[in-house]
Amino acid sequence: MSLLSPRTLDEHIILRLKDGGMSTTDLLHQLQASAPITKQGFYAALRRLKAEDSIVVHRKVAAINTTWLQKSRDLVSHMSQAYAQGGDVADVLALADKESISYSFNTIQQLDAFWGHAQNIVIRATPVHEPVYTYDPHYWLWLGRKETERALVDEVTSLGKQFLMTVGGNTPLDKMIRTEFNTDLRQYHIERLFDDDTYYVVVIGDYIFESHFNATLSRAIESIYQKYPKLTDEAVEELEQIPRVRVRTKMKISRNRTRARKLKAKLSKHFFVKRSVL
């Protein structure tokens with residue numbers, strides 16, 4: 001969630017509530033005064049924010065959830081400590097070939113926030129013709145945190161870079177995403193390329209982002225994908241809970257030209273890659 005430069009309806013709602021609670025009617029009218037927002041879309045956004053515990057709504061008055069506010073403070077504090085200990089993203093750009101740096105997080109939400117931040121820094125530091133190659137066992141963030149994930153992909157393509165996503169799963173929920181990645185800049189392929197179902201990797205230029213999710217958490221994600229033949233409200237609710245699970249997770253960022261070239265060769269086979277420098 002980017003409150004400094006809000007782009008999604010969810011982010012604009014949080015920003016409007018920064019000074020205190022407000023009736024949902026007044027909140028809707030204020031938002032409609034600055035953007036063409038439908039009543040249906042507004043209340044759908046409120047339901048998402050309630051499901052994420054970001055806001056509370058009582059007697060038609062919406063307010064920021066103070067518990068969520070405290071968790072947000074804790075996240076900022078955690079990341080500040082990481083920087084104070086020499087874990088700044090600048091360290092990533094300073095990596096020499098075959099060097100790496102690792103980070104640890106208490107929740108997937110913390111991991112995802114830092115991963116996105118570090119990835120954006122690397123995206124801007126690499127040539128525009130270098131695509132963002134991504135492999136997930138399931139692209140569950142697109143379903144469980146669609147507004148946030150869509151903003152991240154929009155950021156990649158707005159810079160003229162290609163976002164090339166490969167997923168290892170072949171369930172109906174995996175397949176339903178394909179229609180949303182149908183341009184040269186946004187492409188999607190289904191193929192199990194790695195035996196480890198806990199493994200997530202992104203390759204940008206010579207940089208490799210890697211994480212192995214907790215096995216229990218990975219099984220929980222797999223269970224959701226096997227359970228639901230279509231994206232129901234219940235499926236979304238279960239996926240939205242995943243980032244909040246408290247589980248120690250590590251991420252490794254390395255700079256390795258040789259290994260990056262091999263991974264890109266593996267991840268690029270079924271994509272149209274513009275001016276590739278594999």
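Good morning. Thr126 counts as buried because its relative accessibility is 12%; buried means under 20% relative accessible area, exposed over 50%, and partly exposed in between, with a 1.4 Å probe and protein chains only. The model is predicted, so local features need pLDDT of at least 70 and side-chain atom pairs count only at pLDDT 80 or more, while totals for chains, interfaces and linings use all residues. Residues are numbered from 1 along each chain as its sequence is written, and side-chain values use heavy atoms, leaving out hydrogens and water.

Where does Thr126 lie? Its place is the loop between helix 6 (108-125) and strand 5 (132-136). Helices (H or I, at least four residues) and strands (E, at least two) are DSSP runs, numbered from the N terminus. Beyond its neighbours within four places in sequence, Thr126 is in contact (heavy atoms within 4.5 Å) with Lys161, Ile204 and Tyr207. With the side chain of Lys161, the Thr126 side chain makes a polar contact at 3.1 Å. Such a contact is a pair of N or O atoms within 3.5 Å; within protein, one must be able to donate a hydrogen and the other to accept it, and residues adjacent in sequence count only if both atoms are side-chain atoms.

Seven strands form an open sheet in the order 4-10-9-8-5-6-7, with mixed pairing; two strands pair if DSSP finds at least two bridges between them. Strand 4 (99-107) and strand 7 (186-190) stand at the edges with a single partner strand each, so one side of each has no neighbour in the sheet. Strand 4 pairs with strand 10 (residues 246-255) in the antiparallel sense over eight bridges.
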